[in-house]
Amino acid sequence: MPRRRIGFWYRFAAVLCKPPLVVLIKRDWRGMEHIPVEGGFITAVNHNSHVDPFAYAHYQYNTGRVPRFLAKAALFGKGFVGAAMRGTGQIPVYRESTDALSAFRAAIDAVERGECVAFYPEGTLTRDPDGWPMTGKTGAARVALQTKCPVIPVAQWGANELLPPYAKKPNVLPRKTHRVLAGPPVDLTRFYDREMSPDLLKEATEVIMAAVTAQLEEIRGEKAPELPYDPRQVRIEQRRRTAAYDRAQAQQKAQQRAPQEEEQST
């Protein structure tokens with residue numbers, strides 16, 4: 001595939017990052033034929049290790065269509081990191097924006113310029129106990145419906161075995177295998193030219209996440225849970241249980257005080 005728009009900074013980053021990646025992990029990469037040769041598109045990728053952005057970027061770099069990741073705007077300041085982020089064409093996300101769509105304006109512009117924009121729709125490392133994708137946030141769907149660009153579902157597995165989620169030390173030996181599988185574009189045409197309501201974005205996001213999960217099922221050779229892990233619902237349930245526990249404790253204390261207060265009154 002053509003290697004347009006790579007530039008000095010991306011090649012420099014590749015020189016720094018590829019050698020340790022090659023040493024630490026073996027590769028089982030499939031589905032590169034689904035990566036568009038030209039034109040703007042989105043990849044929706046699952047996230048299960050702090051290492052996997054580098055491992056996935058290596059995969060994507062080898063397709064000739066380098067990814068432009070979304071990253072918090074603070075990283076684009078002064079110094080080497082800021083210069084590298086700007087030089088490699090990464091995309092700042094201004095989280096303080098009150099307009100959800102304008103927060104992704106730069107991503108939309110990149111797609112319209114013919115770039116590949118890589119989304120981690122989960123927004124963070126998965127918290128699913130077995131490493132399956134969680135429910136997704138709507139950013140990728142917003143950009144996809146705004147631009148009507150292809151959305152390529154990409155699943156990866158193996159970087160999490162090198163460095164499990166939230167772990168501090170890598171498991172270097174035995175050498176791990178990074179498995180990547182890109183699938184055909186997700187069909188979102190039924191969502192085009194409709195009002196971009198919260199329900200529509202939620203449904204489109206569920207379709208994207210289902211495609212990513214299906215790719216991961218093929219990699220792992222097993223079925224994902226019927227319902228994806230939903231951090232928001234888990235937090236609600238935890239708060240409900242905490243409130244119920246606090247009420248029970250308060251009731252128990254009240255019952256313990258009642259005989260003492262009655263005795264004192266007599």
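**Notes on the fold, cores and pocket**

1. Helices here are DSSP runs of H or I with at least four residues, strands are runs of E with at least two, and both are numbered from the N terminus.

2. Some ground rules before going on. This is a predicted model, with local features needing pLDDT of at least 70 and side-chain atom pairs counting only at pLDDT 80 or more, while totals for chains, interfaces and linings use all residues. Residue numbers start from 1 along each chain as its sequence is written, and side-chain values use heavy atoms, leaving out hydrogens and water.

3. Back to H4, which spans residues 105-112 and has Ala107, Ile108, Ala110 and Val111 buried. (Buried is under 20% relative accessible area, exposed is over 50%, and partly exposed is in between, using a 1.4 Å probe and protein chains only.) These four sit on the same side of H4 because they cover an arc of only 160° around the axis, the arc being taken from the directions from the helix axis to the C-beta atoms. What do the buried residues of H4 pack against? Their partners are strands S2 (41-45), S3 (67-72), S4 (91-93) and S5 (116-119), plus helix H5 (139-147); contact here is heavy atoms within 4.5 Å.

4. The largest nonpolar core has 26 residues, and Ile42, Phe119, Val143, Val151 and Leu188 touch the most other members. A core of this kind is a set of buried Ala, Val, Leu, Ile, Met, Phe, Trp, Tyr and Cys residues joined through side-chain atoms within 4.5 Å. S2, H4, S5, H5 and helix H7 (198-220) each put in at least two residues, and H7 has the largest share, six residues. A second, separate core holds 20 residues, including Val45, Tyr61, Val66 and Ile152.

5. On to the strand pairing, which takes at least two DSSP bridges between two strands. S3 runs parallel to S5 over three bridges, with Arg68 opposite Val117 in S5. S3 also pairs in the parallel sense with S4, again over three bridges, and Ala71 has Pro92 in S4 as its bridge partner.

6. Then there's S7 (residues 176-182), mostly covered, with six of its seven residues buried. Strand S1 (residues 25-30) pairs with S7 in the parallel sense over six bridges, and Lys26 is partnered by Thr177. Strand S6 (residues 151-157) is antiparallel to S7, joined by four bridges; there, Gln156 is partnered by Val180.

7. Is it buried or exposed? Arg65 counts as buried because its relative accessibility is 6%. Its C-alpha is 11 Å from that of Ala118, which is 53 residues away along the chain.

8. Last, the largest pocket, with about 1600 Å³ of space. A pocket is an open set of points on a 1 Å grid over the protein atoms alone, where a 1.4 Å probe fits, with protein on both sides within 12 Å along at least five of seven lines; lining residues have an atom within 4 Å of a point. Points are joined across faces, edges and corners, and the volume is what probe spheres set on them fill. Of the 47 lining residues, Phe69, Leu70, Ala71, Met85 and Tyr120 are the closest to the centre. H1 gives the most to the lining, nine residues.
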